[in-house]
Amino acid sequence: DSTVFRSDVHQSFYDYRIQVNHLWQKDGAGSSPLEHETGYRIFCFAEDDWHIEAENALANSINFVVPAAPNKASFADVKSFKSAVGTQTTLDDTPPSFTKLQIQDPTAYNTQIIVTFSLN
């Protein structure tokens, strides 16, 4: 499954957009598309990979100290973000279809044609 919901952020204080259009299965083996007109709660987690980049740098300063661990967003911050964003509801992007299409006798009037239709 090629579903990816991440963005490498290389610029501070810049908004990044991540399009969420699938849900990962719990086991991470696959994903499924979002349902139309359905509410979803969004969790957002961030991690600074400075720990990985610093350890694998080609050269380090003489004052370099290996960082203790990646700098991660706390679970409390993740829950606060979810509460602040609230439930996000997907749109119904299916094209409409006619449930009724009717035309009255076009010879009944000289100046108008009456068409009645209904959409789902």
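In which strand is the place of Thr99? Thr99 has its place in strand E7, where strands (E, at least two residues) and helices (H or I, at least four) are DSSP runs numbered from the N terminus. The structure is a predicted model, in which local features need pLDDT of at least 70 and side-chain atom pairs count only at pLDDT 80 or more, whereas totals for chains, interfaces and linings use all residues. Residues are numbered from 1 along each chain as its sequence is written, and side-chain values use heavy atoms, with hydrogens and water left out.

Strand E7 spans residues 98-103, and it lies largely in the open because the number buried among its six residues is zero; here buried means under 20% relative accessible area, exposed over 50%, and partly exposed in between, as computed with a 1.4 Å probe on protein chains only. Strand E7 is joined by five bridges to strand E8 (residues 115-119), and the two run antiparallel, pairing being assigned if DSSP finds at least two bridges between two strands. Leu101 has Phe117 in E8 as its bridge partner. When residues up to four places away in sequence are not counted, Thr99 touches Ser118, Leu119 and Asn120, contact meaning heavy atoms within 4.5 Å. Of these, Ser118 is 19 residues from Thr99 in sequence, yet their C-alpha atoms are 5.4 Å apart in space.

The loop between strand E6 (87-89) and strand E7 contains Thr90. With its neighbours within four places in sequence left aside, Thr90 is in contact with Leu34, Glu35, His36, Glu37, Thr38 and Tyr40. A polar atom of the Thr90 side chain lies 2.5 Å from the backbone oxygen of Glu35; for a polar contact, a pair of N or O atoms must be within 3.5 Å, and within protein one must be able to donate a hydrogen and the other to accept it, while residues adjacent in sequence count only if both atoms are side-chain atoms. Glu37, which is among the contacts of Thr90, is found in the loop between strand E2 (31-33) and E3. Although Glu37 is not a glycine, it has a positive phi of about 50 degrees, and at 56% relative accessibility it counts as exposed.

The loop between E3 and E4 holds Ile42, which counts as partly exposed at 28% relative accessibility. Residues up to four places away in sequence again being excluded, Ile42 touches Phe81, Lys82 and Gln88. Ile42 and Ala76, 34 residues apart in sequence, have their C-alpha atoms 14 Å apart in space.

Grid points are joined across faces, edges and corners, and a volume is the space filled by probe spheres set on the points. The largest pocket holds about 1600 Å³ of space. It is lined by 32 residues, of which Phe5, Arg6, Ile18, Cys44 and Phe45 are the closest to its centre. Strand E1 (22-24), strand E3 (39-41), strand E4 (47-48), strand E5 (71-72) and E6 are the elements that give two or more residues to this lining, and E1 gives the most, with three. The lining of the largest pocket comprises 16 nonpolar, seven polar and nine charged residues, with Ala, Val, Leu, Ile, Met, Phe, Trp, Tyr, Cys and Pro counted as nonpolar, Asp, Glu, Lys and Arg as charged, and the others, Gly among them, as polar.

Notes: On a 1 Å grid over the protein atoms alone, a cavity is a set of points where a 1.4 Å probe fits but cannot get out, and a pocket is an open set with protein on both sides within 12 Å along at least five of seven lines; lining residues have an atom within 4 Å of a point.
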